[in-house]
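User: I would like to learn how to read a model like this one, feature by feature. Could we start with the sheet?

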Amino acid sequence: MKKIRARLTGSYRDDARYPAALVNVTNHCNLSCSHCFVFRDGNPNQASRSIRDGMRDDEILETLRALRDRHGIVSMLWMGGEPLLKPHLLERGLRLFSRNTVTTNGTVPLVDFGPGALYVVSLDGPEDLNDRIRGAGVFRRVIRTLSRIPERFASPVQVQAVVTRRNQHRLEELVEAVRGTRAGWMTFSFYVPRAGDAGDDAWPTNQERAAAVREVMRLGREHPGFIRNSTRSLELMLPEHCKRVTDACPAKRHVLPLYMEHDRFATPFCCYGNDVDCDRCGAWVVFHLAAKLARPSTQSQ
Ligand code: SF4
Ligand code: SF4
């Protein structure tokens, strides 16, 4: 029997099927973004002093293989910290799952893992707004990475941007900047606030978020094929539907989150950690899954 180095708590069930999982392969990152949910207080996030002192690659892979076999995990989302700081681990880990997505901040050189691995590169608005969150010069570094994707690079590259109350009026600028690169397409996720979050990025209510959702719908019509949030998933984000979706969060049922803590993995409340405000959650994955699973009564005509 393979050893599982994980503290599996919360709503986790031994006998549950999880079609997807996300794994934090390191708590180290070369950036320190202000909205990072990996490094929030209250989330499992202890970074070892050196990247070499964390869980060993073999222990990580053995645990993931055992959890895959126990739960039927098909799809893995590789996260960090910055997962590309561990390219050799990724190279081996990608062979364990049929579908793989690697999230990256786009400032570390992309490795061609072949057509079976999708990159999701994060940007959070046009240059000034992005860099206020992610650090000075980061926007240009990411655009440079995206612009220099080699002709024969086989892994598809998607950009995902988080829409916030602050950047909602400047999304078109961001789309134009990304369209000038070699990125394949974009999706938008919406800010997931912490419980009690009254900061500049969070909308106080979902009614106030609706204009931003409609703006992404409009951009989707302007840039068909390039902006790939489905219309149905965006409709589900509107105030008349969203509470019903988040009350029965499909991501919580379908995605097993594995955060690294000391020498093992820990399962937080959900993919976004422990201290989230579900009622105002705008996570792409939640509404994407809900749209795929939606009963006819919630679908658009
Ligand atoms: S790049 Fe990602 S993991 Fe690193 S600090 Fe920013 S949000 Fe956190
Ligand atoms: S915060 Fe979002 S992803 Fe997490 S459980 Fe709540 S609705 Fe689901």
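Analyst: This is a predicted model. Its open sheet has nine strands in the order β1-β9-β8-β2-β3-β4-β5-β6-β7, and the pairing is mixed. β1 (6–7) and β7 stand at the edges with a single partner strand each, so one side of each has no neighbour in the sheet.

User: Which strands pair with β8, and in which sense, parallel or antiparallel?

Analyst: Strand β2 (residues 20–24) runs parallel to β8 and is joined to it by four bridges. Within that pairing, A21 has L256 as its bridge partner, and V23 stands opposite L258. Strand β9 (residues 264–266) pairs with β8 in the antiparallel sense over three bridges. One of the bridge pairs there is E261 with R264. β8 and β9 form a hairpin with two residues between them, and H262 in the turn has a positive phi of about 55°.

User: How should I read the side chains of β8: which point one way and which the other?

Analyst: In a regular strand, side chains alternate between the two faces of the sheet. In β8, V255, P257, Y259 and E261 point one way, while L256, L258 and M260 point the other way. Both sets are buried, and the strand is mostly covered, with seven of its seven residues buried.

User: Which residues touch the most other members of the largest nonpolar core?

Analyst: That core has 75 residues, and the ones that touch the most other members are A21, V121, V163, A251 and V286. α10 gives the most to this core, with seven residues. For V121, contacts beyond four places in sequence are with T104, G106, V142, L146, V157, V159 and A183.

User: Which residues surround the ligands, and of what class are they?

Analyst: Ligand 1 is surrounded by eleven residues, of which C29, L31, C33, C36 and N105 are the closest. By class, this shell has six nonpolar, four polar and one charged residues. Ligand 2 is surrounded by 13 residues, the closest being C249, C270, V276, C278 and C281. Its shell divides into eleven nonpolar, one polar and one charged.

User: Where does pLDDT stay under 50?

Analyst: Where pLDDT is low, the predicted coordinates should not be read in detail. The stretch in question is residues 297–301, for which the model has seven contacts beyond four places in sequence. For the protein chain, the mean pLDDT is 92, and 91% of the residues reach 70 or more.

Definitions and conventions:
Residues are numbered from 1 along each chain as its sequence is written. Chains are lettered from A and ligands numbered from 1 in the order in which they are written. This is a predicted model: local features need pLDDT of at least 70, side-chain atom pairs count only at pLDDT 80 or more; totals for chains, interfaces and linings use all residues. A residue is near a molecule or strand if its C-beta atom, placed from the backbone, lies within 6 Å of it. Ala, Val, Leu, Ile, Met, Phe, Trp, Tyr, Cys and Pro count as nonpolar, Asp, Glu, Lys and Arg as charged, and the others, Gly among them, as polar. pLDDT is the predictor's confidence in each residue, from 0 to 100. Two residues are in contact if their C-beta atoms, placed from the backbone, lie within 7 Å. A residue is buried if 20 or more other C-beta atoms lie within 10 Å of its own, exposed if 12 or fewer, and partly exposed in between; C-beta atoms are placed from the backbone. Two strands pair if DSSP finds at least two bridges between them. A nonpolar core is a set of buried Ala, Val, Leu, Ile, Met, Phe, Trp, Tyr and Cys residues joined through C-beta atoms within 7 Å.
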